[in-house]
Amino acid sequence: MTAIDKSPLAASQVDLVGISEARAGAIDWRYVWYQLRQSPLALLGLAIIAIVLVVMAGAPLIAPYDPNRLDLLHRLAPPSLEHWFGTDEVGRDLLSRVLYGARVSVTVGFAVVGISMGVGTLVGAFSGLAGGRTDTVIMRIMDVLLSFPSFVMAIALAAALGPDLINAMLAIAIVRIPFYVRLTRGQALSLRERPYVKAAVTFGARPLTIVRLHIIPNALAPIIVQSTLDIGSAILTASALSFIGLGAQQPTAEWGAMVSNGRDFLLDQWWYPTFPGFAILVTAVGFNLFGDGLRDIFDPRLRGK
Amino acid sequence: MSFANVIRRRLILLVFVVFGVSLVTFAMSHMIPGDPARMMAGERATNEMVAHIRQLLGLDRSLPLQYIGYVRDLLHGNFGISIRTQRPVLNDLLLFFPATIELAIAALLFAILLGIPLGIVSAIAKDRAIDQVTRTISVTGISTPAFWLGLLLIYLFYGRLGIFPGSGRIDGAPPLRITGLYTLDALVTGDWPALRSALSHLVLPALTLGFVHLGIVTRQVRSAMLEVLQEDYVRTAKAGGLSRPRIILDHALRNALIPSVTMIGLAFGDLLYGAVLTETVFAWPGMGNYVVQSISALDFPAIMGFTVMASTAYVLVNLMVDLTYMFLDPQIRGVG
């Protein structure tokens, strides 16, 4: 804080362009946390996410075995004290593979959302800020892309790129970009008219600066809600692509691929496909519950209810 | 915006979307590693034979010309020849299409018949125990990998209990083909054994696909109901002394269902997604199963044909849903 900030003159100048409003638009995390504590389901979601993150980070410490260690003497062993989740057709410990699988499956979820959110937010912010013909052209293209069924497109794209986890990830990320473009663009359109953004334009701030300082921080709430919900669905979609053979390949410990391999043993070794699939379910539930909770907090229409 | 204007706008968008889909699939078929002409000619083909096939396929022409040819073929219903089945892709897709539709309708029925009451109850009892349970069910539905749920159901109801069959559409001869929907055809022709068999085969796949959808429907109906219950006219009805069931059924539900129609329709895309997985798990001979088998055979004409057909169906369904919505919503209809 400098001395000038405290002078009444400076304060009134500041208010003219609404800097205080600009700051108020950013997220108050203390308020979010206070609200979150009122919602048991959102807290449950947060707890699940925390556990999954701990498992990802600490897999080598938590996992009882090397996930790729073969043990041909104990093939397809049922769940026991030695192997809580049983073993697969080459004797690998399924618990260890599920724990390590969190690293692959959840990382894919974050990466997909990171790519689609990063690209989509930037394109949307610039489109909304630019307005006029640029905006119209970009949005018409997005309308067309949004009209595609995203999973069908992801299948086609992943098939064309070749069966590989990275390709599957890219395919899912690309088809999600338009959602973020539209979301951020809507925010940018309304923010563009605010005095503090107009002031920044008047003073010659570059578009990138405006997007970085004003548009994105103030459009953050809906983007965070969308991306939290998207992580869950990205994990589901990536595992689905792996299940139909378009994602992770052997011997990667990826949940969808493990369910796919375990499918052949379903009737006699139920544990094989069951536990990896359960891991997908629990993780997706975590992100969806937490995302729902955040949406309830950030959506002003729901706040009073 | 008037009704006619909206339709006009949507039709223009439709043209662009179909154009976009064709552009994307065309681009993809050129991204594929390997030479399609050589693939088609087989491994022992001479260079002359490959060149001849390339000429036949038009692959020696410039890209824009190839694209024009591709669109012309699509418009004539020529989706190419499947490498795996050696039949025209369109014939294959049309053959498997009714199975997918039958599964989707059954799943949607399950989701709607159960999802609407659950959504209503959840909204009325907001934040009470039953609401928490319903919300948990709906979040679980949205978060469940359909392929995994299908496997669990097969294990339980086929493997353990032996109540329902675990794969296929029917035992024995299918009923006389009229629509291609086995249950409907069997019903119309009075083929009771076929009807029984077709229904019992339909239960588990429809449950699998429907459960994912159930979450979407419940969630949507709940939030629409919550919104409507806040409205002034509901309060007026309450103040006027109307009974609670009448307020909920006559005033709130009818208005809450209007936005729900669009959401349920838009979820058709998710239904397609789920159908691909469900059909794979249950060996259900539909388009989804077809495309997954085509993927493992690297049968690109089939994959791209599926993409074009599924996307077009998706866009058309969305258009119909939007029009239904506008028709149902008196606010929009009145302006038109």
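Mentor: Pro251(A) sits in the loop that links helix H11 (207–243) to helix H12 (255–262) of chain A. In this predicted model, the peptide bond between Gln250(A) and Pro251(A) is cis, with omega at about 0°.

Asp127(B), in the loop between helix H5 (89–124) and H6 of chain B, has a positive phi of about 70° although it is not a glycine. Asp127(B) counts as exposed because it has 11 C-beta neighbours inside 10 Å, and the cut-off for that class is 12 or fewer. Leu298(B), likewise a residue other than glycine, has a positive phi near 50°. Leu298(B) belongs to the loop between H13 and H14 of chain B. With 17 other C-beta atoms within 10 Å, Leu298(B) is partly exposed.

The contact between the chains involves 43 residues of chain B and 40 residues of chain A. On chain B, helix H1 (3–31), helix H6 (129–143), helix H7 (146–160), helix H12 (268–282), helix H13 (287–296) and helix H14 (300–328) each supply at least two residues of the side that touches chain A. H1(B) gives the most, with eight residues. By class, the residues on this side of chain B are 29 nonpolar, 13 polar and one charged.

One of these helices, H7(B), also packs within its own chain. The axes of H7(B) and helix H9 (residues 192–229) of chain B come within 9 Å and cross at roughly 145°, and the crossing is right-handed. From H7(B), the residues that take part are Ala146(B), Leu149(B), Gly150(B), Leu153(B), Ile154(B) and Phe157(B); they meet Leu204(B), Leu207(B), Thr208(B), Leu209(B), Phe211(B) and Val212(B) of H9(B). This contact has ten nonpolar, two polar and no charged residues.

Of the 336 residues in chain B, 40% are buried. Among contacts in chain B with a separation of 6 or more, 71% are between residues 24 or more positions apart.

Definitions and conventions
Residues numbered from 1 in each chain as written. Chains lettered and ligands numbered in written order. Predicted model: local features only at pLDDT ≥ 70, side-chain atom pairs only at ≥ 80, totals over all residues. Contact = placed C-beta atoms within 7 Å. Helix = DSSP H or I, 4+ residues; strand = E, 2+ residues; numbered from the N terminus. Nonpolar A, V, L, I, M, F, W, Y, C, P; charged D, E, K, R; others polar. Buried ≥ 20, exposed ≤ 12 C-beta atoms within 10 Å, placed from the backbone. Axes fitted to C-alpha atoms, helices over the stretch in contact; angles between N-to-C directions. Left-handed = near helix turned anticlockwise from the far one by under 90°.
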